[in-house]
Amino acid sequence: EDKTDLGFKIRMPAKWESIPPAPDDGNLVIKYDPKSTKYVLLGPDTKLDLHAWIVKFDRRKAPGPKEKEKDKADRKFVSKDKTLADWLKHNVGTGFKSEGEKTLEVAKVPAVESIFLNPGKEKDHGEDVRIYTMLYKLQPEVDVAVVFIAPGEDKKWSKYVNDFRTMAKSFKTVEVDYVKPVLAEGASMRDKKRAE
């Protein structure tokens, strides 16, 4: 749940540990990894690390000089990748090809569901890998996406995709809380002006 900047909540895999983004990661909101079995074997020498990501693509303009103080906490980082396709290429890998996309609405928010396939034979890792994504058009200039990676062989993928779809459809918008700073008793006029 993000109530401070983006205003959304979504269910993620139960009992997976949440990993916050690095300070210089402009797209990652949060990442989830399994607590125990962190990977699955794809072949005799290759493993696939299991992850779930929530990423943002914030194209809002940086605040001007007058707005900087007011919006300082709202825009700590600048997005590095402008689109989900760019983010996938830089953070998950190349070789994934789209298997199609579907436009829909989730909790009255326009969304695009996509599945990408990386055939095992091309990458010589023994098995297909698939990525499931749902991109939510939260605001005209802000998109949020949930991304899951799993083994892509048809029998194995069918065990994952329904859970991914259920979690992706749990997305809801929430009211953003703007927290006003609490001033100590007897604060000066200057402190009150700064707080405003």
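These are my notebook entries on a predicted model of one protein chain, with most attention to strand 9.

**Ground rules.** I number residues from 1 along each chain as its sequence is written. The model is predicted, so to speak of local features I need pLDDT of at least 70, side-chain atom pairs count only at pLDDT 80 or more, totals for chains, interfaces and linings use all residues, and side-chain values use heavy atoms, with hydrogens and water left out.

**Confidence.** I looked up pLDDT, the predictor's confidence in each residue, from 0 to 100. Its mean for the protein chain is 83, and 84% of the residues reach 70 or more. Over residues 72–77 pLDDT stays under 50.

**Overview.** I found 5 helices and 11 strands in the protein chain. Both are DSSP runs numbered from the N terminus: helices are H or I, at least four residues, and strands are E, at least two. Of the 196 residues, 40% are buried (under 20% relative accessible area, 1.4 Å probe, protein chains only).

Two strands pair if DSSP finds at least two bridges between them. Strand 8 (residues 109–118) pairs with strand 9 in the antiparallel sense over 8 bridges. I noted one partner by name: E113 is bridged to M134 in strand 9. On to strand 10 (residues 142–151): 10 bridges join it to strand 9, again antiparallel. K137 has D143 of strand 10 as its bridge partner. The link from strand 9 to strand 10 is a hairpin through 2 residues.

Definitions and conventions: Buried < 20%, exposed > 50% of the residue type's maximum accessible area, 1.4 Å probe, protein only. Contact = heavy atoms within 4.5 Å.
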